[in-house]
There are 2 protein chains.
Amino acid sequence: MTYQKKIPVSLDCGLHLFMEVVNGKWKANLIWSVYSGIKRPGELQRNMPKASRRVLDTQLKQLVQHGILSKTTYDELPFKVEYELTSLGATLIPAITCIAQWGEDHRLELEKIITA
Amino acid sequence: MTYQKKIPVSLDCGLHLFMEVVNGKWKANLIWSVYSGIKRPGELQRNMPKASRRVLDTQLKQLVQHGILSKTTYDELPFKVEYELTSLGATLIPAITCIAQWGEDHRLELEKIITA
DNA sequence: ACAAGTACGGCTGAATTTATCCGTACCGGG
DNA sequence: CCCGGTACGGATAAATTCAGCCGTACTTGT
């Protein structure tokens with residue numbers, strides 16, 4: 001889209017397949033939020049004010065392209081857009097839960113180390 | 001080290017804590033390799049030939065700084081260096097297993113989508 | 001008419017990560 | 001002596017992601 005990759009992606013291991021899809025400053029949060037019922041672009045942005053709308057838009061679009069989210073535009077007026085997890089996207093939830101849990105479990109040590 | 005961050009890191013959620021440590025093109029692979037018994041810099045590089053030695057060095061150093069790996073320099077001659085998982089690093093293994101598993105489980109669909 | 005809310009996206013530059021090039025230092029073998 | 005293997009790291013370029021600014025379009029309410 002915005003940028004054409006010049007270096008081919010490594011798909012040789014599962015780790016990289018996951019990263020190719022989830023890597024992006026807000027992607028995991030977006031997936032999690034949609035899973036939690038926050039489905040509309042405006043809501044999502046209010047939910048993570050530190051992210052710029054532009055970046056969220058872009059990352060949402062990539063998630064749709066990667067088949068993780070689906071996007072529905074309702075033709076009512078006023079406009080309304082909603083994102084949903086696809087079935088593939090839903091399979092990510094346990095993995096994301098797992099890493100978020102790890103982060104919370106080690107928050108104290110991590111904050112010390114990272115802030116150093 | 002090489003670069004001083006100008007934008008503060010968000011530590012507000014577990015997801016970001018995890019990413020702060022594991023994000024890096026080869027970090028998850030490095031952690032996994034060390035866990036699998038590939039402990040020496042040279043071995044690691046031969047194990048992932050697509051990564052440049054310089055980048056591996058840098059990412060290994062960051063993993064050490066973040067308390068995920070420990071580094072031992074043996075004073076024998078010739079030189080010998082070995083990395084090990086710290087106890088914190090060891091707690092990452094289940095999470096990494098989980099995401100690698102997800103990648104493998106969905107390899108077929110993902111390859112189709114990403115290559116598109 | 002005007003402000004505010006919804007959503008989309010081009011353009012541009014800053015921030016950050018990854019890659020390349022090269023040089024250091026030590027050791028051992030041919 | 002020269003080559004190759006071990007390991008480390010500065011300087012810099014290339015690649016990529018993230019952020020900010022602004023403009024479009026439509027609708028609702030004042």
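Mentor: Start with a definition. A helix here is a DSSP run of H or I with at least four residues, and helices are numbered from the N terminus. One caution too: this is a predicted model.

Trainee: Which residue takes a positive phi just after α2(A)?

Mentor: A:Gly37 does, and its phi is about 105 degrees.

Trainee: How many helices and strands does the secondary structure of chain A come to?

Mentor: Chain A has seven helices and two strands. Read them in sequence order and the pattern is α-α-α-α-β-β-α-α-α. Along the principal axes, the C-alpha atoms of chain A fill a box of roughly 50 × 35 × 25 Å.

Trainee: What percentage of the residues in chain A are buried?

Mentor: Buried residues are 41% of the 116 in chain A. Look at contacts as well. Take those in chain A between residues at least 6 apart in sequence: 48% of them join residues at least 24 apart.

Trainee: Back to α2(A). Is it mostly covered or uncovered?

Mentor: It is mostly covered, with seven of its nine residues buried. Among the buried ones are A:Leu30, A:Ile31 and A:Val34. A:Lys27 and A:Asn29 are buried too.

Trainee: What describes a pair of aromatic rings?

Mentor: Two things: the distance of the centres and the angle of the planes. Over all chains, this structure holds four aromatic pairs. One of them joins A:Trp32 and A:Tyr35, with 5.3 Å from centre to centre and 55 degrees between the planes. That pair is tilted.

Trainee: Why do residues three or four places apart in an α-helix point the same way?

Mentor: An α-helix has 3.6 residues a turn, so residues at that spacing point the same way. Now the case here. A:Trp32 and A:Tyr35 both sit in helix α2 of chain A, residues 27-35. They are three residues apart, about one turn of the helix.

Trainee: And in chain B, why is the pair of B:Trp32 and B:Tyr35 tilted?

Mentor: The ring centres of B:Trp32 and B:Tyr35 are 5.3 Å apart and the planes meet at 55 degrees, so the pair is tilted. An angle over 60 degrees would be edge-to-face, and one under 30 would be stacked. B:Trp32 and B:Tyr35 are about one helical turn apart because they lie three residues apart in helix α2 of chain B. B:Trp32 is partly exposed at 32%, and B:Tyr35 is partly exposed at 46%.

Trainee: Which charged end sits over the ring of A:Tyr74?

Mentor: That of A:Lys80, 5.1 Å from the ring centre. In chain B, B:Lys80 lies over the face of B:Tyr74, also at 5.1 Å from the centre of the ring.

Trainee: Is B:His16 buried or exposed?

Mentor: B:His16 counts as buried because its relative accessibility is 10%. Find it in helix α1 of chain B, residues 14-22. Leave out residues up to four places away in sequence, and B:His16 touches A:Lys25, A:Trp26, A:Asn29 and B:Ser10.

Trainee: Now the DNA. How many residues surround DNA strand C?

Mentor: There are 24, and the closest include A:Arg53, A:Lys71 and B:Lys25. Of the atoms of DNA strand C within 4 Å of the protein, 67% belong to sugar and phosphate. By class, the surface near DNA strand C has 11 charged, eight nonpolar and five polar residues. Its largest share, four residues, comes from α4(B).

Trainee: What lies 2.4 Å from a base oxygen of DNA strand C?

Mentor: A polar side-chain atom of A:Arg53. B:Lys6 uses a backbone N or O atom, 2.9 Å from a phosphate oxygen of DNA strand C.

Trainee: Which residues come nearest to DNA strand D?

Mentor: Of the 23 around DNA strand D, A:Lys25, A:Gln59, B:Arg53, B:Arg54 and B:Lys71 do. Sugar and phosphate make up 64% of the atoms of DNA strand D within 4 Å of the protein. B:Arg54 has a polar side-chain atom 2.7 Å from a base oxygen of DNA strand D. A:Lys5 has a side-chain N or O atom 3.0 Å from a phosphate oxygen of DNA strand D.

Terms used: Residues are numbered from 1 along each chain as its sequence is written. Chains are lettered from A and ligands numbered from 1 in the order in which they are written. This is a predicted model: local features need pLDDT of at least 70, side-chain atom pairs count only at pLDDT 80 or more; totals for chains, interfaces and linings use all residues. Side-chain values use heavy atoms; hydrogens and water are left out. Rings of Phe, Tyr and Trp (its six-membered ring) pair if their centres lie within 6.5 Å; planes under 30 degrees apart count as stacked, over 60 as edge-to-face and the rest as tilted. Buried means under 20% relative accessible area, exposed over 50%, partly exposed in between (1.4 Å probe, protein chains only). A charge sits over a ring if NZ of Lys or CZ of Arg is within 6 Å of the ring centre and within 35 degrees of the ring normal. A residue is near a molecule or strand if one of its heavy atoms lies within 4 Å of it. A polar contact is a pair of N or O atoms within 3.5 Å; within protein, one must be able to donate a hydrogen and the other to accept it, and residues adjacent in sequence count only if both atoms are side-chain atoms. Ala, Val, Leu, Ile, Met, Phe, Trp, Tyr, Cys and Pro count as nonpolar, Asp, Glu, Lys and Arg as charged, and the others, Gly among them, as polar. Contact means heavy atoms within 4.5 Å.
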